[in-house]
Amino acid sequence: MTTQATEAAAAATLTSRHLLGIAGMTADEIGLVLDTAIAMKEIGGRAIKKVPTLRGRTIVNLFFEPSTRTRTSFEIAEKRLSADTLSIAAATSSVTKGESLLDTVRNIEAMSPDMIVMRHASSGAPHLLARTCRSAIVNAGDGMHEHPTQALLDAFTIREHKGRLAGLKVAIIGDLLHSRVLRSNVILLNTMGAEVWACGPSTLMPPGIGGFGVRATTSVDEAVEGADVVMMLRIQHERMHGHFIPSVREYFTLFGLTPERARRARSDVIIMHPGPMNRGVEIDSEVADGPYSVILEQVSNGVAVRMAVLYLLAGRDIDVERGEG
Ligand code: CP
């Protein structure tokens, strides 16, 4: 581990044994995760990308919604920390036969896992489990509520490029109404002292968004002007019940991030997207693949940040290099 990360990890720990959301985390706790992730990233750069830290711990990944990045990066993070790990997709589980979430988890818990990483379409589902389960629960995205590890990896990526979070102008643009990524990022960035702008069509803005601690606007130009960071969000058709935008073409014309719009940002702007990305809807390919894009760095950093979260939750008493408690 680097000296900086060792000191950070030794200085504090997370108060909760679960990670249910960014809400409730202090700036110190967020800083601890980000500092710990520096050491975890170093492990990922080695020829042998594995440490025995979580040897003998069992982690179950329980995904009730589709995922590419989150599920894969949790699995890689768990393997790099030497945990015994298995993944269950709802589509191939007995949930399809009518078993409830609580019964499913009670049965998994009967096999004595140490942690359960869960994604679920219902906001609050991980909180329900945390009240009844012995295992530590990690929220991998719950409905429209929170996606805490996404916000942590976003913050890690921003800090790598900008050296800080405080004082930055961060513009988050897209489907704000249905986005758990927005919610977690707003809470985290506010806690760390960034200035957050939220931009989208008025039909896709949560009611009372001004009370969330963001500057809300329907003008992409205003949001992007002088921004240090521009984060694009996709339209979440799977959570929409009704018509929120007239057409994809019109949406791209009014809210898509084009090279012309991106030029309004600072000359050292970074362009982010949590994925999955819809090219030609919220973002132009020239921007997504351009020199300011850090979208694939976000994905790489997801492994390091998730390793840090698992280590801090499951391995409070473990030496990260030797895996000894
Ligand atoms: N960012 C994110 O959550 O992507 P996945 O849905 O692919 O996990």
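Me: Which helices each supply at least two residues of the lining of the largest pocket?

Reply: Keep in mind that this is a predicted model. On the general idea: rolling a probe the size of a water molecule over the atoms shows where empty space is left. Here, α3 (69–80) and α7 (180–191) each give at least two residues to the lining of the largest pocket.

Me: OK, and what volume does the largest pocket have?

Reply: About 370 Å³. The lining has 20 residues, and the closest to the pocket's centre are R119, R180, R234, G275 and P276.

Me: How does the lining of the largest pocket divide into nonpolar, polar and charged residues?

Reply: You'll find five nonpolar, eight polar and seven charged ones in that lining.

Me: And what takes up the space of the largest pocket?

Reply: The ligand does. Around the ligand you can pick out S67, T68, R69, T70, R119, H147, Q150, P274 and G275. Sorted by class, that shell has six polar residues, two charged ones and one nonpolar.

Me: Which polar atoms lie 2.6 Å and 3.0 Å from the ligand?

Reply: For a polar contact, look for a pair of N or O atoms within 3.5 Å. S67 puts a polar side-chain atom 2.6 Å from an oxygen atom of the ligand. With Q150, a polar side-chain atom sits 3.0 Å from a ligand nitrogen atom.

Me: How much of the ligand's exposed area does the protein bury?

Reply: Taken alone, the ligand exposes 260 Å², and the protein buries 92% of that.

How values were computed: Residues are numbered from 1 along each chain as its sequence is written. This is a predicted model: local features need pLDDT of at least 70, side-chain atom pairs count only at pLDDT 80 or more; totals for chains, interfaces and linings use all residues. Side-chain values use heavy atoms; hydrogens and water are left out. A residue is near a molecule or strand if one of its heavy atoms lies within 4 Å of it. A polar contact is a pair of N or O atoms within 3.5 Å; within protein, one must be able to donate a hydrogen and the other to accept it, and residues adjacent in sequence count only if both atoms are side-chain atoms. Accessible areas come from the Shrake-Rupley method with a 1.4 Å probe; for residues, only the protein chains shown count as cover. On a 1 Å grid over the protein atoms alone, a cavity is a set of points where a 1.4 Å probe fits but cannot get out, and a pocket is an open set with protein on both sides within 12 Å along at least five of seven lines; lining residues have an atom within 4 Å of a point. A molecule sits in a cavity or pocket if more than half of its atoms lie within 2 Å of its grid points. Ala, Val, Leu, Ile, Met, Phe, Trp, Tyr, Cys and Pro count as nonpolar, Asp, Glu, Lys and Arg as charged, and the others, Gly among them, as polar. Grid points are joined across faces, edges and corners, and a volume is the space filled by probe spheres set on the points. Helices (H or I, at least four residues) and strands (E, at least two) are DSSP runs, numbered from the N terminus.
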